Structure formats: structure tokens, C-alpha cells
Amino acid sequence: TMEDARSAIMPMEELERAFVNGATHAIFWKVQGSGDGAEYKWGADYVIPERLRVLANSRGDNKSFSSESAKMSFPVAGASPVASAARSGKQIVIKDPATYKD
């Protein structure tokens, strides 16, 4: 919702640095629920237009890592990269997402 967007704290300097250094997408994960049932769920994403064109031309679909990630959720207390990065406050880079298993 618009209220969710207004209350979200976006790390704008980090996002800018990531895209300047070659990032092709960013995903904003938000916490939904509370207690033991709290999960990180997709909140928003951005994929650079050039990347979307390359994916569409090479595969003939509109899927991206970001669009497929929107279908996922991760327990806040879990060991996923999303939860681990949030707890540690540190960047986690997954070199090959296609083969990463969590």
C-alpha cells in the first residue's frame, strides 16, 4: 500500500552504490506478521530496463530473478540470506543465484 511505501526506510546511498557498481536489480523485503510467524515477503523491486530487455530477448518471457523472488517468503528467524543480512546489517552477495540452495 501507499502507507507501506511511505513508512519504508530505503537505503538510498547503498542502492545507488549498488547500481553504480553494476547491480542489475534490487529487491525490497518487508516483514509481515509477528512473533514466530513473522516472515520477509517481497515488497518491491527494480530491474534495470536493459536487463529486462536481455532476459526477454534471450528467453522470450518477462521473468526475472526479482519477479520469481516475489513468490517467496523467508522466516525472520531463519538462515536465508534475506534474514541473515537483516540481522547482521551486512551485505550478502550470492554469486550464482541459479545454483544457490537455502
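For the protein chain as a whole the mean pLDDT is 88, with 92% of the residues at 70 or more. Where pLDDT is low, the predicted coordinates should not be read in detail.

The largest pocket has a volume of about 1,800 Å³. Its lining comprises 39 residues, of which A26, I27, W29, Q91 and I92 lie closest to the pocket centre, and the elements that contribute two or more residues to this lining are the helices α2 (12-20), α4 (65-69) and α5 (81-88) together with the strands β1 (25-32) and β2 (39-47). Classified by residue type, the lining of the largest pocket consists of 26 nonpolar, 6 polar and 7 charged residues.

Side chains of opposite charge can pair when their charged atoms come close, and the structure holds 3 salt bridges. In one of them, K71 pairs with E68 at a closest N to O separation of 2.9 Å; K71 is exposed, because its relative accessible area of 63% lies over the 50% cut-off, whereas E68, at 30%, is partly exposed. R59 forms a salt bridge with D61, with the closest N and O atoms 3.2 Å apart, and here R59 is partly exposed at 46% relative accessibility, as is D61 at 23%. The side chains of K41 and E39 likewise meet in a salt bridge, at 3.4 Å from N to O, with K41 partly exposed at 28% relative accessibility and E39 partly exposed at 24%.

Technical notes:
Residues are numbered from 1 along each chain as its sequence is written. This is a predicted model: local features need pLDDT of at least 70, side-chain atom pairs count only at pLDDT 80 or more; totals for chains, interfaces and linings use all residues. Side-chain values use heavy atoms; hydrogens and water are left out. pLDDT is the predictor's confidence in each residue, from 0 to 100. On a 1 Å grid over the protein atoms alone, a cavity is a set of points where a 1.4 Å probe fits but cannot get out, and a pocket is an open set with protein on both sides within 12 Å along at least five of seven lines; lining residues have an atom within 4 Å of a point. Grid points are joined across faces, edges and corners, and a volume is the space filled by probe spheres set on the points. Helices (H or I, at least four residues) and strands (E, at least two) are DSSP runs, numbered from the N terminus. Ala, Val, Leu, Ile, Met, Phe, Trp, Tyr, Cys and Pro count as nonpolar, Asp, Glu, Lys and Arg as charged, and the others, Gly among them, as polar. A salt bridge is a side-chain nitrogen of Lys or Arg within 4 Å of a carboxyl oxygen of Asp or Glu. Buried means under 20% relative accessible area, exposed over 50%, partly exposed in between (1.4 Å probe, protein chains only).
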